[in-house]
Structures are given as structure tokens and as C-alpha cells.
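Reader: I would like to learn how to read helix packing, salt bridges and an interface from a model. Could you take me through them one at a time?

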Number of protein chains: 2
Amino acid sequence: MSDLLERLRGRGWRMTAQRRVVAEVLDGEHVHLTADEVLARATARLPEISRATVYNTLGELVSLGEVLEVATDGRAKRYDPNAHRPHHHLICSGCGTIRDVRPTGDPLADLPASEHFGFTVSGVEVTYRGLCPTCAPTP
Amino acid sequence: MSDLLERLRGRGWRMTAQRRVVAEVLDGEHVHLTADEVLARATARLPEISRATVYNTLGELVSLGEVLEVATDGRAKRYDPNAHRPHHHLICSGCGTIRDVRPTGDPLADLPASEHFGFTVSGVEVTYRGLCPTCAPTP
DNA sequence: GTTATTGCAAAGAGTTTGCATCTCC
DNA sequence: GGAGATGCAAACTCTTTGCAATAAC
């Protein structure tokens with residue numbers, strides 16, 4: 001089921017029960033869990049997994065480029081398993097829910113050379129803000 | 001000199017030496033300080049200012065909409081005094097330097113209704129990533 | 001058998017809070 | 001004079017680290 005697990009195995013990643021559980025917990029669309037949420041869900045499947053291992057594993061997945069860190073306004077970082085499916089985020093200002101979205105057009109092309117300040121520009125993240133149906137004020 | 005101070009006074013913000021110093025330290029273009037950096041610079045001008053007051057003041061400025069929080073990948077939040085000049089950010093992946101940039105076009109218009117998921121979309125932040133001239137590899 | 005990974009517990013960074021004192025308007 | 005701001009220190013949240021025990025290949 002998990003593309004992620006396949007890819008990791010193919011890269012010679014040493015497989016352990018803990019790593020498998022973390023990868024499984026992260027798999028899916030519109031998944032943006034905090035480290036704590038990953039730990040909670042992983043613990044449900046593998047009670048002896050430790051917080052340190054969850055952080056270690058998440059850090060490696062990010063280094064490998066298989067998982068993206070999403071810095072939201074709130075406190076804890078969230079982890080996004082869809083690093084290979086280009087997308088951006090729509091975050092609810094009320095409850096913090098995140099949806100993956102795909103805008104039209106290429107935001108990279110929208111930054112004129114005069115605004116590069118000598119930088120080599122290589123990527124762009126777009127974060128939309130709004131209120132989800134649940135948090136929207138009732139008229 | 002400070003638009004920010006003018007505006008705050010006009011809003012009936014109770015002025016104290018501490019608040020003035022924080023506002024002065026934040027003023028300027030391409031300014032994106034962490035709370036700790038604000039404290040350091042404020043302390044240079046007003047040695048008796050406390051960390052709690054810096055955090056309190058920054059939090060209020062953010063609530064008032066006069067200062068923006070910028071969540072970078074790294075740890076500490078940064079504070080951007082140009083809330084009233086629409087802009088986005090170009091961040092160096094090497095050293096974390098931030099420049100304010102103004103892309104052409106309207107990224108909000110690039111999110112089709114089919115990607116709204118029922119949200120009321122009200123804003124958007126665009127973060128460009130790259131390497132600054134200092135951090136770029138020398139050929 | 002080696003080498004990498006795990007778990008534990010403690011430390012670290014960044015931020016928030018409770019409360020008595022002090023200061024602006 | 002009174003509402004509100006300050007400073008202090010402790011608490012809190014999230015994350016990282018050192019190291020001995022353990023499990024993968």
C-alpha cells in the first residue's frame with residue numbers, strides 16, 4: 001500500500017518495526033501530523049516505540065527528501081508525506097486543519113529577476129489561509 | 001522616523017520606554033528579527049528591559065496586525081514590521097537570511113474554486129527558497 | 001559479527017505565565 | 001488614582017542528545 005515504504009527499501013534503508021510503523025502512519029493524502037501525533041498513532045500499533053525514535057525517523061525521512069516539514073503558525077512542526085507530489089497548502093486559521101492544494105500557474109515564474117537580489121532561486125512554497133467549513137461563522 | 005510608532009500612538013497604545021524601544025528596533029526594510037535578537041538590541045538601548053516584556057510586546061504588535069510572524073524552517077519565529085506593505089519572502093537555505101520580495105501576479109487568483117474544499121480563502125503567503133550570493137557555491 | 005538503530009532520561013531552545021511592583025494617562 | 005505594563009523566575013512545549021543495550025543485514 002505504501003509507496004513510501006517501497007521507496008525506502010529500494011534506497012537500502014535498514015528496516016525496523018519502528019521505522020515501518022512511522023512510515024505507515026504517515027502514509028496518505030492530506031496527512032500533516034505533528035511528531036506527537038505520529039508518536040501517538042505509532043504507539044497504538046507498537047507500544048514500545050520511543051519518542052526519540054519517532055523524532056530520529058522523521059528527521060531522516062526529511063533528510064532523504066521523502067517527507068516535508070511544514071512550519072505552521074502554531075507550535076509544533078507538521079510532517080507531509082507527499083514530497084513527490086508537488087502541491088501547496090491551505091490552512092484553516094480557526095482549527096489549523098491543512099489541505100493539500102494545487103494552484104494553477106507557476107509561482108516561481110512570478111518572481112522577476114529584479115527581485116532575486118543575487119540569489120539562486122530554487123523553490124517556492126505557497127500557503128493559503130482561510131476558514132474551513134466547520135470554523136466559518138454561521139450567518 | 002517610525003511609521004510604526006506613529007500608527008501605534010494613533011491607536012491609543014499606551015506608550016512606555018520599553019514598547020518604544022521594541023518598535024524602534026523592529027523598524028526598517030528587510031528586517032526579520034527573532035525575539036532574542038529584538039531583546040539583545042533593545043537591551044543595548046534600555047538595559048532594564050526584560051525578556052517577558054519583549055515577548056508581550058511582540059505578541060501585541062502581532063495581534064494589532066502591525067507586525068507579522070514569519071515561521072521559518074529553523075527554530076525561532078521572526079518578526080516582520082512591514083505588515084502594511086504587501087510582500088513575500090526569499091529565504092537563503094544556507095544562512096537563513098530573508099529578503100522581502102514582490103512577485104508579479106496575484107497568487108490568490110491562482111487557486112481555482114475546485115481547490116477551495118469549502119474554505120473561505122482570505123490570504124496567501126509565498127516563500128521563495130534559494131541561495132544568497134554569499135552562500136552560493138563558488139564555481 | 002558489525003554496524004546501525006533503539007530507548008531512556010536528561011538537557012536544551014524557545015515561549016508563556018502568575019504575581020507583586022511600578023508607571024503612564 | 002486606577003487600569004494597565006513591567007520584571008522576575010518558574011513552568012511549559014517541542015526537540016535534541018549521550019550512551020548502553022539491542023536488532024538488522
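Author: What follows goes from the chain as a whole to its helix pairs, its salt bridges and its interface. This is a predicted model, in which local features need pLDDT of at least 70 and side-chain atom pairs count only at pLDDT 80 or more, while totals for chains, interfaces and linings use all residues. Residues are numbered from 1 along each chain as its sequence is written, chains are lettered from A and ligands numbered from 1 in the order in which they are written, and side-chain values use heavy atoms, with hydrogens and water left out.

Reader: Which secondary structure elements does chain A have, and in what order do they run?

Author: Helices (H or I, at least four residues) and strands (E, at least two) are DSSP runs, numbered from the N terminus. Chain A comes to 4 helices and 6 strands, and from the N terminus on the order is α-α-β-α-α-β-β-β-β-β. The C-alpha trace of chain A spans about 50 × 45 × 25 Å along its principal axes.

Reader: How do α1(A) and α2(A) lie to each other, and which residues make the contact?

Author: Axes are lines fitted to C-alpha atoms, for helices over the stretch in contact, and angles run from 0 to 180 degrees between N-to-C directions. Angles under 35 degrees count as roughly parallel, over 145 as roughly antiparallel, 65 to 115 as roughly perpendicular and the rest as oblique. The axes of α1(A) and α2(A) come within 8 Å and cross at roughly 140 degrees, which makes α1(A) oblique to α2(A). With contact meaning heavy atoms within 4.5 Å, A:Leu4, A:Leu5, A:Leu8 and A:Arg9 of α1(A) meet A:Arg20, A:Ala23 and A:Glu24 of α2(A).

Reader: At what angle do α2(A) and α4(A) pack, and what is the handedness of the crossing?

Author: A crossing is left-handed if the near helix is turned anticlockwise from the far one by less than a right angle, and right-handed if clockwise. The angle between α2(A) and α4(A) is about 65 degrees, with the axes 10 Å apart, and the two helices are therefore roughly perpendicular to each other. Their crossing is right-handed. Among the residues that make this contact are A:Val22 and A:Leu26 of α2(A) and A:Val54 and A:Leu58 of α4(A).

Reader: How do α3(A) and α4(A) cross?

Author: Helix α3 (residues 35–45) and helix α4 (residues 51–63) of chain A have axes that come within 10 Å and cross at roughly 120 degrees; α3(A) and α4(A) are therefore oblique, and the crossing is right-handed. The contact includes A:Val38 and A:Leu39 of α3(A) as well as A:Val54 and A:Leu58 of α4(A).

Reader: What area is buried between chain B and chain A?

Author: The size of an interface is often given as the accessible area lost when the parts come together. Buried area here is the accessible area (1.4 Å probe) that two parts lose on being put together, summed over both. Between chain B and chain A about 3200 Å² is buried, of which carbon and sulfur atoms give 58%. In chain B, B:Phe119, B:Glu125 and B:Tyr128 lose the most area to chain A, together 20% of what that side buries. The contact joins 39 residues of chain B with 39 residues of chain A, and the count between the two chains is 2 salt bridges. B:Glu125 also forms a salt bridge with A:Arg129, where the closest N and O atoms are 2.7 Å apart.

How values were computed: Salt bridge = Lys/Arg side-chain N within 4 Å of Asp/Glu carboxyl O.
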